[in-house]
Amino acid sequence: MRSSLLRILALIRKEFLAVLKDPRSRFVIFVPPILQCLIFGYAASFDLNSIPYAVFDQDHSASSSAFLSRLDGSKIFRRQADIVRVKDISTWIDSRRALLVIRIDQDFERRLLAGEPAQIQVIADGRNSNTAGTALGYFESVVEAFNASWRSRHGHGGSPIRIVTRSWFNPNLDSRWSMIPSLIGTLTMMGTLMLTAMSVAREREQGTFDQLLVTPFRPFEIMTGKAVPNMVIGLVQSTTILLIAQFWFHIPFAGSFITLYAGLGLFLMAAVGLGLFVSSIAATMQQAMLYAFLLVMPFALLSGLATPFNSMPEFLQSIMVINPLRYALDITKRVYLEDAGFTQLLADFVPLTVIGLLTLSGAAWLFRRRLF
Amino acid sequence: MTDWPAKLRRIRALTLKETRQVMRDPSSIAIGIAFPLMMILLFGYGLSLDISRVSVAVVDEDASSDSAALIGAFRLSPYFGVTVVHSMAEAKTMVLDRKVDGVLRIPSDFTRRWHLGEAEVQILVNGTDANQARIMQAYAQGPVALWSAARAGSVSAVSVGPVIVVDRMWFNENNDSHYFLVPGLIVLVMTIIGAFLTAMVVAREWERGTLEALFVTPMRAGEFLVSKFLPYFGLGMIGFVLCFLAGQFLFHVPLRGSLCLLCLASMIYLLVALGLGLLISTLVKSQFLASQLAMLLTFLPAMMLSGFLYDLRSMPVFIQGITYALPARYAVTLMQTLYLAGDVGSVVWLNLGVLAAMASALIVLARLATRKQLS
């Protein structure tokens with residue numbers, strides 16, 4: 001038992017040396033997660049803060065300019081041009097210089113004053129229909145605000161019900177607050193799973209795996225020796241992202257570090273288990289890398305990171321019970337923002353433990369089968 | 001003096017060897033064929049940005065006929081699943097346990113204040129998922145407006161308008177998200193095959209020393225590059241055809257530009273990706289490093305910083321600056337325009353020109369980097 005432990009420790013030490021002694025591989029392990037965290041943090045948001053638009057105002061009345069100045073006052077809508085001909089609309093949209101073109105007909109003010117519905121036409125560049133839809137939504141809320149103030153000024157009474165929105169755990173509904181805690185799990189999984197898959201495949205490709213086999217190491221010991229260093233590297237990666245979230249993006253950490261790290265430990269066990277599983281199937285580094293990529297891609301896309309998990313088709317949701325990232329996202333976000341405790345997260349901890357145990361023992365079994 | 005027949009023979013032999021290697025390795029086939037198919041299915045059927053139904057816990061502190069009617073309006077809405085609870089504490093526990101997404105609270109003075117014209121309801125959302133919370137906030141306008149319109153019918157006249165928005169989404173009237181996913185998918189697939197796969201393959205030759213064995217043959221660096229280009233170019237074009245067919249027959253995305261330009265654009269972008277892959281692998285000469293760099297420099301930008309999913313104009317200025325250096329930005333703009341807007345001269349030629357310049361620069365650089373090793 002004691003000699004087994006010593007062997008495992010020796011292997012762990014060797015594994016750390018193999019990964020960390022090369023400055024370029026140190027770089028590749030620690031710099032990409034930091035860069036990705038910064039880029040994703042700044043880029044990955046469906047919120048719009050700059051909507052270039054052009055206006056085709058045929059009315060030129062006090063009302064139409066009052067409306068347009070309200071639009072410009074929103075700081076999100078940026079007026080690029082005043083169009084004077086119909087055919088310019090397509091010029092501005094086609095060349096992508098304007099996301100929206102707003103067309104106000106010449107009877108706009110007359111109809112307003114007559115108490116008839118006055119139309120504003122909006123044309124959106126639907127090449128990215130998601131962005132266009134968001135921009136149209138923002139535009140309608142400006143119109144709604146204009147309507148409300150117009151109604152109260154013209155004695156039609158205010159809108160009878162005010163909707164007061166309060167948001168728990170994220171007072172300004174900043175999408176960065178949901179995104180960055182999710183990255184703790186996502187980036188760590190990408191790094192760890194690929195690193196693990198590659199580490200065994202590299203030994204196999206370079207022939208050093210055979211050398212390991214003629215030593216007194218048992219398959220279980222080899223596996224532990226491979227798993228532990230990668231889990232430690234994964235923990236360092238996730239801690240780095242956690243620090244960036246707190247000290248660069250200033251997102252307050254509400255929860256307990258014990259709960260978070262317990263969850264991360266289980267998650268890394270599952271991620272490393274999957275990595276070892278892939279590497280025991282792959283014959284070369286190229287195969288290990290590409291298979292790992294083919295596994296990580298759907299796991300990342302279908303984890304609820306970019307799109308809401310509940311709007312996925314049912315059958316995909318049920319396949320995704322095997323996706324460790326899905327549980328990790330839930331744990332990191334809820335511990336980070338909501339201070340969720342163990343009991344609330346039981347539905348995540350249990351499946352992660354099961355996935356970790358299954359993949360690790362599956363990998364150990366495959367190891368043994370390939371060894372003898 | 002160049003001996004052309006011998007040169008061509010060498011290129012042919014090497015290309016054949018490379019093609020066989022691709023065909024024999026199940027992982028190359030997986031990336032060339034299975035990856036595009038997987039992405040098509042995931043993007044086509046798996047991912048949806050819509051929130052289908054929001055579950056909301058209702059706390060009715062007013063308990064009047066008016067508040068009951070308002071709850072009824074929420075029940076009628078296709079966007080809400082309503083659960084009535086008795087206290088805010090209970091509602092908050094449900095939010096924390098993820099049984100509901102948010103809370104609608106009708107304060108006890110709702111009816112009284114409504115008669116004064118200052119009624120309010122509270123929507124409490126779980127900000128952990130900011131996007132969903134914002135959508136829920138927007139959805140709530142519907143039932144509330146419905147209720148006040150119905151209620152106002154008996155009291156005051158104007159409740160909607162006076163300004164009405166008529167919106168039209170050009171290029172995608174039905175707001176079908178496949179329309180922008182398919183062009184972006186082509187770029188993603190080409191990036192993976194061109195850069196990621198190629199970077200690994202060439203780095204492997206460096207790592208195993210088979211490249212040095214090639215150097216003692218009469219083969220020239222240029223011939224080596226051509227023989228590496230051709231098979232992966234073929235594989236990339238297979239990926240393109242798969243995405244194109246899926247766009248035509250599975251998702252019915254219209255192709256409004258010309259097919260020739262679309263093919264030309266994909267080929268040029270594939271050259272850019274291949275050039276990047278070859279350059280990375282020649283510079284680092286290690287499969288692990290090459291794969292990680294290819295991931296960081298090509299795939300992630302194509303996904304996140306290209307305008308495929310996230311709007312570039314809303315990113316901070318320095319990130320926008322970075323995107324100008326990345327080929328994926330031009331490729332996504334080009335593909336989306338060719339597919340949906342048609343052959344818009346100003347957009348097409350500009351982006352095509354930038355991509356062509358990038359492709360030539362990268363190929364020259366890859367050639368230079370390879371020659372240096374020969375000497």
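This is a predicted model: local features need pLDDT of at least 70, side-chain atom pairs count only at pLDDT 80 or more; totals for chains, interfaces and linings use all residues.
In which helix is the place of B:Leu41? B:Leu41 lies in helix α2 of chain B, residues 26–46. Helices here are DSSP runs of H or I with at least four residues, strands are runs of E with at least two, and both are numbered from the N terminus.

Residues are numbered from 1 along each chain as its sequence is written, while chains are lettered from A and ligands numbered from 1 in the order in which they are written.

To return to B:Leu41, this residue counts as partly exposed because it has 14 C-beta neighbours inside 10 Å. A residue is buried with 20 or more other C-beta atoms within 10 Å of its own, exposed with 12 or fewer, and partly exposed in between, the C-beta atoms being placed from the backbone. B:Leu41 and B:Val82 are 41 residues apart in sequence, and their C-alpha atoms are 33 Å apart in space.

I turn to chain B as a whole. Chain B has 14 helices and five strands. Its radius of gyration is 29 Å, well over the 21 Å that the globule rule gives for 375 residues, so chain B is more spread out than a compact globule. That radius is taken over C-alpha atoms, and the rule is 2.2 Å times the number of residues to the power 0.38. The C-alpha trace of chain B spans about 95 × 45 × 40 Å along its principal axes. Of the 375 residues of chain B, 47% count as buried.

Next, the two chains together. In chain A, 94 residues are in contact with 91 residues of chain B; contact requires C-beta atoms, placed from the backbone, within 7 Å. On the side of chain A that touches chain B, α6(A) gives the most, with 14 residues. That side divides into 49 nonpolar, 30 polar and 15 charged residues. Here Ala, Val, Leu, Ile, Met, Phe, Trp, Tyr, Cys and Pro count as nonpolar, Asp, Glu, Lys and Arg as charged, and the others, Gly among them, as polar.

Finally, a pair of helices within chain A. The residues of α7(A) that meet α13(A) include A:Trp177 and A:Met189, and those of α13(A) include A:Leu325 and A:Tyr336. The residues of this contact divide into nine nonpolar, five polar and one charged.

Methods: Two residues are in contact if their C-beta atoms, placed from the backbone, lie within 7 Å.
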